[in-house]
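I'd like to walk you through one model, so let me put it up.

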Amino acid sequence: MDTNIRPETMERITTPELAAAFIDEQIKMIREQVGNKKVLLALSGGVDSSVVAALLIKAIGKQLVCVHVNHGLMRKGESEQVIEVFKNGLDANLIYIDATDRFLDKLAGVDAPETKRKIIGGEFVRVFEEEARKLDGISFLAQGTIYPDILESDGVKAHHNVGGLPDDIHFEGLVEPVKLLYKDEVRVVGKALGLPANMVDRQPFPGPGLGVRCLGAITRDRLHALREADAILREEFDICGLAGKVWQYFIAVPDMKSVGVKDGKRYEGWPAIIRAVNTTDAMTATIEEIPYAVLHKITDRITHEVDGINRVLLDLTPKPIGTIEWE
């Protein structure tokens, strides 16, 4: 039987009871596969890798080595949350690497979206590779592969997890405990493992992070403005109840300025573009209606609290014709 094929008889995990049974089963399987050997995991802080980390910690404890690479393109507070939840909360064997300068220096002056993506993905692999070489006795590589990844990429998930490692870094095998689950099932399992709701219910976030939302060539000041504006958007969506109704919502900041007025003086600043979409398969997407009162509050906060932003725009383009991300 192909272990990458989900059995038709497999019951969907929709309740805490079913999640608990799945967790118990996976703990046994992980212990049988790993024994007393060590496992390495790239912990991004996304839903899939976080659930895998929590499950492996429950199964093998300190035998799991988590590596969290902060590429400087995370949303506000995300790396801090990873450290708080896993190192302080779950006592994980966590290695934190702040590679912000390394990534941003590589991206300086690069404005082509695909080139930016390749630089970010390639540099991530190199940072992870360097850390893997420092560690002794690592036998297995864990990945947050889920079932849609297998369906979309024929069993290989290189676009999000650690693909492209050199041939001389050998692992006995992969540990992929959620590879037969859909995203909604992974979330149920995460909640059963005790992960915080804002981590388990986190909306999809591209691998290159804010690098594809800081449009054009990335600069540190515009990236900072984007991160702060995005945090305000997420906070206001939480307050008004839209966070649980919208599949994906974010800010994009282009590399262009317009004239504004601040403190009675001429002021040039970037526009912050709000995008909020709903979808079931990411192949098509509709626009979520945002009440004007909410838009006014978000606009007021961003333009007054975020240095460098002087306009707030709303993207009303469905997919098709627009893609969900701008880059």
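Ground rules, quickly. This is a predicted model, where local features need pLDDT of at least 70 and side-chain atom pairs count only at pLDDT 80 or more, while totals for chains, interfaces and linings use all residues. Residues are numbered from 1 along each chain as its sequence is written, and side-chain values use heavy atoms, with hydrogens and water left out. When I say helix or strand, I mean a DSSP run, H or I of at least four residues for helices and E of at least two for strands, numbered from the N terminus.

So, α4 itself, residues 100-107. Its buried residues are T100, F103, L104 and L107; buried is under 20% relative accessible area, exposed is over 50%, and partly exposed is in between, with a 1.4 Å probe and protein chains only. Looking down the axis of α4, those buried residues fall within an arc of 90 degrees, so they line one face of the helix. That arc is taken over the directions from the helix axis to the C-beta atoms. What covers them includes β2 (64-70), β3 (93-98), α5 and α9, where contact means heavy atoms within 4.5 Å.

Now over to α10, residues 292-305. This helix has 14 residues and reaches 19 Å from first C-alpha to last, close to the 20 Å expected at 1.5 Å a residue; the expected span is 1.5 Å times one less than the number of residues. And which residues of α10 are buried? V294, L295, I298, R301 and I302. Down the axis of α10, the buried residues sit within an arc of 135 degrees, so here too they line one face of the helix. Turned away from that buried side you get the exposed residues Y292, A293, H296 and H304. The cover over the buried residues of α10 includes α9 (220-240), β6 (248-252), β8 (265-278) and β10 (309-314).

The largest one has 49 residues, and F237, I251 and I302 have the most contacts inside it. The element giving the most to this core is α9, with seven residues. There's also a second, separate core of 39 residues, including F22, V51, L64 and V175.

How about ring on ring? Rings of Phe, Tyr and Trp (its six-membered ring) pair if their centres lie within 6.5 Å; planes under 30 degrees apart are stacked, over 60 edge-to-face, and the rest tilted. By that rule we get three aromatic pairs. In one, F124 and F128 have ring centres 6.3 Å apart and planes at 10 degrees, so the pair is stacked. Both are in α5 (residues 113-134), four residues apart, about one turn of the helix. F128 is buried, at 0% relative accessibility.

Two glycines in loops, next. G45 is between β1 (38-42) and α2 (47-60), and counts as buried at 6%. Its C-alpha is 7.6 Å from that of M199, 154 residues away along the chain. G144, between β4 (138-142) and α6 (147-153), is buried too, at 1%.

Most residues other than glycine have a negative phi, and most peptide bonds are trans. D263, though, has a positive phi of about 55 degrees, and this residue is exposed at 71%. D91, in the loop between α3 (78-89) and β3, also has a positive phi, near 55 degrees. And the peptide bond from K319 to P320 is cis, omega near -15 degrees, with P320 in the segment after β10.

Notes. A nonpolar core is a set of buried Ala, Val, Leu, Ile, Met, Phe, Trp, Tyr and Cys residues joined through side-chain atoms within 4.5 Å.
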